[in-house]
Amino acid sequence: VQLQASGGGLVQAGGSLRLSCAASGRTFSSYVMGWFRQAPGKERDVVARINRGGSNTDYADSVKGRFTISRDNAKNMVYLQMNSLKPEDTAVYYCAANSRWSARASEYDYWGQGTLVTVSS
């Protein structure tokens, strides 16, 4: 599966952004999807993940209550709605696909190119 993330940009603290990830291929619904982020000098960490059918989600503690992951299997899309953004959310955000329910970046098989989110104070 090929992934393409979009929707990043510059936003003030407290603002919102919606990231989108478009997937190619007919097997999108067979993948667990995740959003990860990587700030300069830091490791790539999971932000949120969603199971194949969209009924189960999981979030990093730092974004719980502010971010929402969703997917539309009919459109081969996964989204990350980010509200109440903070400067510490600044990072490159990646969408990724995996055949297992995992929060480890190393276990994800397919990656989008990343989209930069910058939150100004």
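**Rings and charges**

Guide: Start with Arg44, which lies over the face of Tyr94 at 3.7 Å from the ring centre. A charge counts as sitting over a ring if NZ of Lys or CZ of Arg is within 6 Å of the ring centre and within 35 degrees of the ring normal. The model is predicted, so local features need pLDDT of at least 70 and side-chain atom pairs count only at pLDDT 80 or more, while totals for chains, interfaces and linings use all residues. Residues are numbered from 1 along each chain as its sequence is written, and side-chain values use heavy atoms, with hydrogens and water left out. Phe28 also has a charge over its ring: the charged end of Arg71 sits 4.5 Å from the centre.

Next come rings with rings. Rings of Phe, Tyr and Trp (for Trp, the six-membered ring) pair if their centres lie within 6.5 Å; planes under 30 degrees apart are stacked, over 60 edge-to-face, and the rest tilted. By this rule there are 5 aromatic pairs. Tyr31 lies in the loop between strand E3 (17-23) and strand E4 (32-38), and Tyr110 in strand E10 (residues 110-111), so the pair ties together parts 79 residues apart in sequence. Strands (E, at least two residues) and helices (H or I, at least four) are DSSP runs, numbered from the N terminus. Tyr31 is buried, at 13% relative accessibility, and Tyr110 is partly exposed, at 32%. Here buried means under 20% relative accessible area, exposed over 50%, and partly exposed in between (1.4 Å probe, protein chains only).

Phe36 and Tyr108 make another edge-to-face pair, 4.9 Å centre to centre and 75 degrees between the planes. Phe36 is in strand E4 and Tyr108 in the loop between strand E9 (91-98) and E10, 72 residues apart. Phe36 is buried at 0% relative accessibility, and Tyr108 is buried at 5%. Phe36 and Tyr108 belong to one aromatic cluster with Tyr94 and Trp111, and this brings us back to Tyr94, the ring with Arg44 over its face.

Now the charged pairs. A salt bridge is a side-chain nitrogen of Lys or Arg within 4 Å of a carboxyl oxygen of Asp or Glu, and the whole structure has 6 of them. Among them, Arg100 and Glu107 meet at 3.7 Å, N to O, and Arg104 bridges to Glu107 at 3.8 Å. Arg100 is exposed at 51% relative accessibility, Arg104 is exposed at 56%, and Glu107 is partly exposed at 23%.

Elsewhere, salt bridges that share partners join Arg37, Arg66 and Asp89 into one network. Asp89 lies in the loop between strand E8 (77-82) and E9, and is buried at 1% relative accessibility. Its side chain makes a polar contact with the side chain of Arg37 at 2.9 Å. A polar contact is a pair of N or O atoms within 3.5 Å; within protein, one must be able to donate a hydrogen and the other to accept it, and residues adjacent in sequence count only if both atoms are side-chain atoms. Contact in general means heavy atoms within 4.5 Å. Leaving aside neighbours within four places in sequence, Asp89 is in contact with Arg37, Arg66, Phe67, Ser84, Val117 and Val119.
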